[in-house]
Amino acid sequence: MYPTFIKYNYLSPLFESQRKKSKGFIIAGSVIAGLYTFGTIYSLVIPMPTASEELEYKTFAPIFAAMIVPGLVLLCIGLVMSRKVNAALRYETILSGDKNGIVEISELTGQTGMSQEAVIKELATLFRKGFFQGCTLQLEGTPAIIINDAMVGEMGTGFAEVRCPKCGGSTRIRAGSRGQCSFCHSPIADE
């Protein structure tokens, strides 16, 4: 779903690990719940050749049914984690397109279709859990996300395409700031 070769501007390394964990929980939960659901149905529905064997299989049905629960718990944990990962990715996209270093919550409500309270609650959770780097959540005054490396003024507004002196690759960084080449990871700067 998310290519691993993308370099994110404001998502911390925690994002990638949480993305992988959520996929793992979803897969494991689905497999466990699916297998035990099949076992439950099989033990109840499939007729056995003799009455004694049928009785033995039916005694396993409650055990199989009970084992569906851990699979569903893993699946739910994975879905909750996936929801946070998707929200962080959505905000990363919005932050990466910012032109002045300040993204007000009112801008985010228009772009996400959520209420201001819901956006603030979601962002507070994501920031508290460490999903973002290079920016801070400001709740005093006008609520906003402040991008730490954005410079205010004519020279620092927006982004610049900077060509790496080492490999020649082009990387988009905040105008007037320093960064890292997306290709060879050499230090680059917009001067």
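Visitor: Which residue stands opposite Val103 in β3?

Guide: This is a predicted model, and the pairing concerns β1 and β3, with β3 covering residues 144-147. These strands pair in the antiparallel sense over three bridges. Ile102 stands opposite Ile146 in β3. For Val103, the residue opposite in β3 is Ile145.

Visitor: What is the bridge partner of Thr136 in β3?

Guide: Four bridges join β2 to β3, and these strands run antiparallel. Ile146 of β3 stands opposite Ile102. In β3, the bridge partner of Thr136 is likewise Ile146.

Visitor: In what order do the three strands lie in the open sheet?

Guide: The edge strands are β1 (102-104) and β2 (135-138), each of which pairs on one side only. β3 pairs with β1 over three bridges and is joined to β2 by four. The twist averages 20° from one strand to the next. The pairing is antiparallel, and the order is β1-β3-β2.

Visitor: Which residue in the turn of the β2 and β3 hairpin has a positive phi?

Guide: β2 and β3 run antiparallel. They form a hairpin with five residues between them. In that turn, a positive phi of about 65° belongs to Gly141.

Visitor: Which strands does helix α3 touch as it packs on the sheet?

Guide: Helix α3 spans residues 105-112, and its direction makes about 65° with that of β1. The sheet has the strand order β1-β3-β2. The strands touched by α3 are β1, β2 and β3.

Visitor: At what angle to β2 does helix α4 run?

Guide: Helix α4 comprises residues 116-128 and lies across β2 and β3. Of these, β2 is an edge strand of the sheet. The angle of α4 to β2 is about 140°.

Visitor: Are α3 and α4 roughly parallel or roughly perpendicular?

Guide: Two packed helices are described by the angle between their axes and the distance between the axes. The axes of α3 and α4 come within 9 Å and cross at roughly 105°. Angles of 65 to 115 degrees count as roughly perpendicular. Therefore α3 is, relative to α4, roughly perpendicular.

Visitor: How many nonpolar residues does the contact of α3 with α4 have?

Guide: On the α3 side, the contact is made by Ile105, Leu108, Thr109 and Thr112. On the α4 side, Gln116, Val119, Ile120 and Leu123 take part. By class, the contact has three polar residues and no charged ones, and the number of nonpolar residues is five.

Visitor: Which element of the chain has the highest confidence?

Guide: The mean pLDDT of the chain is 81, and 79% of its residues reach 70 or more. Over residues 1-5 the pLDDT is below 50, and over residues 152-156 it stays under 50. Confidence is lowest in strand β6 (residues 178-180), at a mean of 68. The highest confidence, at 93, is in α4.

Visitor: What percentage of the residues of the chain count as buried?

Guide: The chain has four helices and seven strands, which run α-α-β-α-α-β-β-β-β-β-β from the N terminus on. Among contacts between residues at least 6 apart in sequence, 55% join residues at least 24 apart. Of the 191 residues of the chain, the share that counts as buried is 35%.

Note on methods:
Residues numbered from 1 in each chain as written. Predicted model: local features only at pLDDT ≥ 70, side-chain atom pairs only at ≥ 80, totals over all residues. Heavy atoms only, no water. Pairing = 2+ DSSP bridges. Helix = DSSP H or I, 4+ residues; strand = E, 2+ residues; numbered from the N terminus. Axes fitted to C-alpha atoms, helices over the stretch in contact; angles between N-to-C directions. Contact = heavy atoms within 4.5 Å. Parallel < 35°, antiparallel > 145°, perpendicular 65-115°, else oblique. Nonpolar A, V, L, I, M, F, W, Y, C, P; charged D, E, K, R; others polar. pLDDT = per-residue confidence, 0-100. Buried < 20%, exposed > 50% of the residue type's maximum accessible area, 1.4 Å probe, protein only.
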